[in-house]
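Hi everyone, thanks for coming along. Let me put the structure up, and then I'll walk you through a few spots in it.

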Amino acid sequence: MSRASLDKDPHAVASMFDGVARRYDLTNTVLSLGRDRSWRRATRLALELRPGQRVLDLAAGTAVSTVELARSGAWCVAADFSVGMLAAGARRAVPKVAGDATRLPFADAVFDAVTISFGLRNVVDHTAGLREMARVTRPGGRLVVCEFSTPTVPVFATAYKEYLMRALPAVARAVSSNPEAYVYLAESIRAWPDQAALAEQIRAAGWSEVGWRNLTGGIVALHSARKPLE
Ligand SMILES: C[S@@+](CC[C@H](N)C(=O)[O-])C[C@H]1O[C@@H](n2cnc3c(N)ncnc32)[C@H](O)[C@@H]1O
């Protein structure tokens, strides 16, 4: 599988994640120097969930993001198109559904909130994914996207780019079951729109009240939005 095909072919993306599933959680924590836990917690708090609400965690992978959301007392379902990732999270006691982010197996307006952590960048047509998330969210419901972004301090941005292109693939070679996937990760982070550009894409996909908050100096951004009341 070439990295170029990952840009265009959803099946190649799904099988790449099948290939990293076994050691996904560990690799993530090592590569993010343990920051992933606080990013997930910030995502849960940004959603302002209440017990009993219905929440879709899209591109949930091993459901590591879903169990954090479920701490709110809301009913949270994990959806992902990599059956290997879902299976690697089998021990996590949340409902799991196999499905593509651009053709979700849910009716219109059934969720109070939809969220996607470190997944939107991997969705081959991510603007179609944003429209599909709006379709399954009720009017007035929330969206939170947690995704790698552009560091806000230029000198830090330069150091971070070096980390992405040199250290990250080297560390991945030591801990991951598929190091090539982490070269793709580094390249996909560099190619991703910055905070303002992603906010514009979210607005264009049918969401209102779009804003964002930077975490860890902009390495990660939390974009939030609301589905317009008809
Ligand atoms: C980096 S993992 C993120 C997992 C989890 N949300 C987390 O926070 O660790 C990205 C996930 O996106 C999923 N994904 C990518 N494109 C998808 C699509 N079109 N539909 C559903 N899932 C998709 C992959 O299978 C993978 O499990």
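Let's start with Asp100, which is buried at a relative accessible area of 17%; buried here means under 20% relative accessible area, exposed over 50%, and partly exposed in between, with a 1.4 Å probe and protein chains only. Before I go further, a word on the source: this is a predicted model, local features need pLDDT of at least 70, side-chain atom pairs count only at pLDDT 80 or more, and totals for chains, interfaces and linings use all residues. Residues are numbered from 1 along each chain as its sequence is written, and side-chain values use heavy atoms, with hydrogens and water left out.

Back to Asp100, then. You'll find Asp100 in the loop between β3 (96-98) and β4 (111-117); helices (H or I, at least four residues) and strands (E, at least two) are DSSP runs, numbered from the N terminus. A polar atom of the Asp100 side chain sits 2.8 Å from the backbone nitrogen of Thr102. For polar contacts, I mean a pair of N or O atoms within 3.5 Å; within protein, one must be able to donate a hydrogen and the other to accept it, and residues adjacent in sequence count only if both atoms are side-chain atoms.

An unreviewed UniProt entry annotates Thr62, Asp80, Asp100, Ala101 and Ser117 as "binding site". Those positions are in the numbering used here, feature names are shortened, and annotations may be inferred rather than shown by experiment.

Asp80, from that annotation, lies in strand β2 (residues 75-80) and is buried at 9% relative accessibility. What does the side chain of Asp80 reach at 2.8 Å? That would be the backbone nitrogen of Gly61. Leaving aside neighbours within four places in sequence, Asp80 is in contact (heavy atoms within 4.5 Å) with residues including Gly61, Leu86 and Val97.

Now over to Gln195, in helix α10 (residues 195-204). Gln195 is buried, with a relative accessible area of 7%, and a polar atom of its side chain is 2.9 Å from the backbone oxygen of Thr150. Among the contacts of Gln195 beyond four places in sequence are Thr150, Trp212 and His223.

Helix α10 turns up again when we look at α7 (residues 126-136). Of the 11 residues of α7, 8 are buried, so this helix is largely enclosed by the rest of the structure. The buried ones include His126, Glu132 and Met133. What do the buried residues of α7 pack against? They pack against β1 (54-58), β4, β5 (137-148) and α10.

On to the cysteines. There are 0 disulfides in the structure, a disulfide being a pair of cysteine sulfur atoms within 2.5 Å.

Last stop, the largest pocket, with about 470 Å³ of space. Of its 27 lining residues, the closest to the centre are Leu31, Ser32, Phe148, Leu168 and Leu185. Helices α2 (10-20), α3 (24-31), α4 (36-47), α8 (154-175) and α9 (180-191) each supply at least two residues of that lining. That's my tour; over to you for questions!

Terms used:
1 Å grid on protein atoms, 1.4 Å probe; cavity = no way out; pocket = protein on both sides within 12 Å on 5 of 7 lines; lining within 4 Å. Points joined across faces, edges and corners; volume = space filled by probe spheres on them.
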